Amino acid sequence: MSNLKKLGTATVAVAMSVALASSVAGEAAAYTRSQYPAPVMKYVKHPAGFADSTEVRNVGGRLVCNIPTATATSTNGAKAVVRKELQPLIQELMRRTEAKGYRLRAADTGGFNCRFIKRNGVQVPSLGPSNHAYGRAVDLNWQSNPQSSVFKSNIPPAVVKMWMDHGFYWGGHYA
């Protein structure tokens, strides 16, 4: 199955956060949840076409991740280690995000992280592996758009839509 076809049939999670470039230096727009596009697909924890059970295992409360990875790099030099077969698409989306004028910061952009799902900033093994452990999640400018029980985002809705149009599930829909 081709990589793009696999992605088209898979629900891939992405926690996207992008700082909004503003005409006023240092300012960024804050958006309300209602300004973002609604989910266009149902979230699926284990999308078809990926060997999740053999690549990520919980061994005595410790995750062991054996994911083929590659690095996606934005025009500005922000990097995200992701699943190898998704790297070309994620790199292109990162570059298009910046082409729209939304600068990605290297200090708080990333992807693969062999860890459990977090709740209130703490890893909870009983919730299972995070999408980051599978190399299918990307956080862009996470300091500006934190995972929190209170919704906060300055990612432009058009950027969220662009990623969703390419098969990604936006992390803002989890809250």
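Here is a short talk about some labels in this predicted model.

Trainee: Why is the pair of Tyr31 and Tyr36 called edge-to-face?

Mentor: Look at the ring planes: they stand at 75 degrees, with the centres 5.9 Å apart. Rings pair if their centres lie within 6.5 Å, and planes over 60 degrees apart count as edge-to-face. So the pair of Tyr31 and Tyr36 gets that label.

Trainee: And what makes Tyr36 and Phe151 a pair?

Mentor: Their ring centres are 5.8 Å apart, and the planes are at 75 degrees, so this one is edge-to-face. The pair links distant parts of the chain, 115 residues apart. Tyr36 sits in the loop between strand 1 and helix 2, and Phe151 in the loop between strand 9 and helix 4. Tyr31, Tyr36, Phe151 and Trp170 form one aromatic cluster.

Trainee: Why does Tyr36 count as buried, and why is Phe151 called partly exposed?

Mentor: Buried means under 20% relative accessible area, and exposed means over 50%. Tyr36 has 7%, so it's buried. Phe151 has 23%, so it lands in between and counts as partly exposed.

Trainee: How do you know whether Asn120 is buried or exposed?

Mentor: Its relative accessibility is 71%, and the cut-off for exposed is over 50%, so Asn120 counts as exposed. Asn120 is in the loop between strand 7 and strand 8.

Trainee: What about Asn141, buried or exposed?

Mentor: At 0%, Asn141 counts as buried. Asn141 lies in the loop between strand 9 and helix 4.

Methods:
Residues are numbered from 1 along each chain as its sequence is written. This is a predicted model: local features need pLDDT of at least 70, side-chain atom pairs count only at pLDDT 80 or more; totals for chains, interfaces and linings use all residues. Side-chain values use heavy atoms; hydrogens and water are left out. Rings of Phe, Tyr and Trp (its six-membered ring) pair if their centres lie within 6.5 Å; planes under 30 degrees apart count as stacked, over 60 as edge-to-face and the rest as tilted. Helices (H or I, at least four residues) and strands (E, at least two) are DSSP runs, numbered from the N terminus. Buried means under 20% relative accessible area, exposed over 50%, partly exposed in between (1.4 Å probe, protein chains only).
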